[in-house]
Amino acid sequence: MSLVVRAPENIRIAVSECDEWYDGQWAIGRGCTKISPGCVNCTAAASLIDTPVAEATADGGARWTGIVEPIERQIEVTPTRWPRPLKLFVGSMTDFWHEQYPDEFRRRVWDVVHRYTQHTFAFLTKRSKEMLTWFERIDFDLPNNAWIGVTVETDDYRWRIDHLLSIPAKVRYVQCEPLLDRVHLRRYLEGSNAVDWVIAGPEWGCTHPRPCDVRWMRQIRDDCTEAGVPFFTKHLLDGCAHRQMP
Ligand code: SF4
């Protein structure tokens with residue numbers, strides 16, 4: 001029995017329900033720079049080829065140009081059009097905590113989060129140090145409708161969780177996607193200061209996804225189950241859907 005799977009072919013993607021956990025994306029900015037192995041096949045860069053922020057590479061991939069910019073209309077106009085309470089993924093075309101974003105931009109985004117309390121805003125970053133420093137530096141009231149998350153693709157990046165758990169958000173989550181190696185989460189799932197939610201999954205949506213061992217997925221699922229922490233994957237794992245939410 002082979003335990004090595006290549007995404008997405010060997011992990012079936014469930015199509016019976018929405019395979020994402022959010023209702024919509026709020027693209028407040030675009031552009032980024034790659035900072036860790038999880039960025040290698042960045043789908044945001046690929047989707048923005050031929051815009052000022054990204055370009056194609058000779059081998060069929062995508063790279064960022066270095067331009068990182070707010071999308072003004074999304075910040076100012078789009079929120080007025082959300083019809084009902086939504087769960088929104090913030091900054092799907094960028095990293096909101098990218099060093100090039102000025103304080104003023106971040107403040108305007110957070111003003112919207114404060115104003116539209118009927119919606120849930122989920123932030124996700126690989127720049128956990130920048131995020132933590134910002135929260136420590138700015139006199140800031142973190143609203144309950146903000147979820148804060150970090151990406152951890154291998155054990156080498158678990159330090160991002162230490163930064164995350166220093167921020168008193170109502171929901172703090174870890175996204176192990178693309179999962180590139182075994183990630184030991186156990187010690188972050190227990191105790192009074194623990195992670196509230198875990199998302200995991202193989203790399204997908206790119207031409208050459210890197211392999212994901214199904215045992216890595218099982219370990220995360222089992223650790224979450226034992227600790228009583230909700231676990232979400234948009235792929236079927238051992239024939240089952242796991243769509244728990246915080
Ligand atoms: S941090 Fe996110 S948006 Fe930026 S390069 Fe990495 S994967 Fe892409």
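1. Ala, Val, Leu, Ile, Met, Phe, Trp, Tyr, Cys and Pro count as nonpolar, Asp, Glu, Lys and Arg as charged, and the others, Gly among them, as polar. On that basis the shell around the ligand divides into six nonpolar, two polar and three charged residues. Its members are C32, K34, I35, G38, C39, C42, A44, A45, T94, D95 and K126; each has its C-beta atom, placed from the backbone, within 6 Å of the ligand.

2. This is a predicted model: local features need pLDDT of at least 70, side-chain atom pairs count only at pLDDT 80 or more, and totals for chains, interfaces and linings use all residues. Residues are numbered from 1 along each chain as its sequence is written.

3. The protein chain averages a pLDDT (the predictor's confidence in each residue, from 0 to 100) of 91. Residues 1–18 stay under 50. Where pLDDT is low, the predicted coordinates should not be read in detail.

4. Strand β11 (a DSSP run of E, at least two residues) spans residues 197–200. W197 and I199 on one side and V198 and A200 on the other are all buried (20 or more other C-beta atoms within 10 Å of the residue's own).

5. β11 pairs (at least two DSSP bridges) in the parallel sense with β10 over four bridges, and with β13 over two. C176 has A200 as its bridge partner. I199 stands opposite F232.

Conventions. Contact = placed C-beta atoms within 7 Å. Buried ≥ 20, exposed ≤ 12 C-beta atoms within 10 Å, placed from the backbone.
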